[in-house]
Amino acid sequence: MEAAAKQKKQVKQTANTRGLFTTKNMVLMAMLGALSGLLMYIQVPVPFAPSFYKLDFCDVPVLIGSFALGPAAGAVIAAVKILISLVLRGTQTAGIGECSNWVQACSLAIPAALIYKHKKSKNSAVLGMAAGVVLMVVVACFTNSFILLPAYAKAFHMPMDALIAMGTALNPRINGLTAFVLLAVAPFNLVKGTLVSVVTILIYKRVSTIIKNG
């Protein structure tokens, strides 16, 4: 019985994988990934974080693809976005910043898509995005503390204290790495995740109709 159940599960997983990588879905993921990569160029600074944190809406296509095609598609679209960024802009952190960006995009999109997949309704979509935003903030705080900020410091030949001082200039309460993460990184990602989610809610129904009928 266990062997039969295991075989059935493997068959289902294989079918799901094949369903994801159909020609139509691959084209859609490529298009959404390309759009996401281009949206990375439209950036807006925020008043409460240093200048190297800029708001963009590149994760809107990632969220839309995750809802329309499933959580795995969201991860693929986010990967396409990163590849486009690497090709067009290169990297100053040996790919570390781009990998962190991918992880953060997935932390927003995948929980949202999983919850929405369980029950496809507007309420579940909102709940999923709320969960995704919370996870995104937590992941961003972790990656910035231990990976991203040290990588930036090394790339630009700056001590960590110099990066933190950029936050202190905006907010005197930022007096160390922990305060920097709590008062700059966390609010930035909370605002970004919330705005991306709101835009997705506003346009998803119209875009999903195009995706399904295209």
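## Salt bridges

The side chains of Lys81 and Asp59 meet in a salt bridge, at 2.8 Å from N to O. Lys81 belongs to helix H4 and Asp59 to helix H3, so the bridge ties together parts that are 22 residues apart in sequence. This is a predicted model. Lys81 is buried, at 0% relative accessible area. Asp59 is buried as well, at 3%.

How many salt bridges does the structure hold? The count is three. Another joins the side chains of Asp56 and Lys192, at 3.5 Å from N to O. Asp56 sits in the loop between S2 and H3, while Lys192 sits in helix H8, so this pair connects parts that are 136 residues apart in sequence. Asp56 and Lys192 are both buried. Asp59 also bridges to Lys192, with an N to O distance of 3.9 Å. That pair links helix H3 to helix H8 across 133 residues.

## The charged network

Which residues are linked in a network of salt bridges? They are Asp56, Asp59, Lys81 and Lys192. Asp59 has a bridge to Lys81 and a bridge to Lys192. Lys192 in turn meets Asp56.

Is Asn189 buried or exposed? At 2% relative accessibility it counts as buried, because the cut-off for buried is under 20%. Leaving out residues up to four places away in sequence, Asn189 touches Gln104, Met136, Val137 and Ala140.

## The nonpolar core

The largest nonpolar core has 44 residues. Those that touch the most other members are Tyr53, Leu63, Phe67, Leu108, Phe180 and Val185. Seven elements are listed as giving two or more residues to this core: helix H2 (23-39), helix H3 (59-69), helix H4 (71-89), helix H5 (96-118), helix H6 (122-155), helix H7 (160-168) and helix H8 (177-213).

Tyr53 deserves a separate look.

## Aromatic pairs

The structure holds nine aromatic pairs. One of them is formed by Tyr53 and Phe188. Their rings are tilted, 5.5 Å centre to centre with 50° between the planes. The pair links distant parts of the chain, 135 residues apart. Tyr53 lies in the loop between strand S1 (44-45) and strand S2 (54-55), and Phe188 lies in helix H8. Tyr53 is buried, at 9% relative accessible area. Phe188 is buried at 7%.

Tyr152 and Phe156 form a stacked pair. The ring centres are 6.0 Å apart, with 10° between the planes. Tyr152 is partly exposed, at 23% relative accessible area. Phe156 is partly exposed too, at 39%.

Which residues form one aromatic cluster? The members are Phe52, Tyr53, Tyr152, Phe156, Phe180 and Phe188. The cluster therefore holds buried residues such as Tyr53 as well as partly exposed ones such as Phe156.

Arg89 lies over the face of Tyr41, at 5.1 Å from the ring centre.

How values were computed:
Residues are numbered from 1 along each chain as its sequence is written. This is a predicted model: local features need pLDDT of at least 70, side-chain atom pairs count only at pLDDT 80 or more; totals for chains, interfaces and linings use all residues. Side-chain values use heavy atoms; hydrogens and water are left out. A nonpolar core is a set of buried Ala, Val, Leu, Ile, Met, Phe, Trp, Tyr and Cys residues joined through side-chain atoms within 4.5 Å. Buried means under 20% relative accessible area, exposed over 50%, partly exposed in between (1.4 Å probe, protein chains only). Helices (H or I, at least four residues) and strands (E, at least two) are DSSP runs, numbered from the N terminus. Rings of Phe, Tyr and Trp (its six-membered ring) pair if their centres lie within 6.5 Å; planes under 30 degrees apart count as stacked, over 60 as edge-to-face and the rest as tilted. A charge sits over a ring if NZ of Lys or CZ of Arg is within 6 Å of the ring centre and within 35 degrees of the ring normal. Contact means heavy atoms within 4.5 Å. A salt bridge is a side-chain nitrogen of Lys or Arg within 4 Å of a carboxyl oxygen of Asp or Glu.
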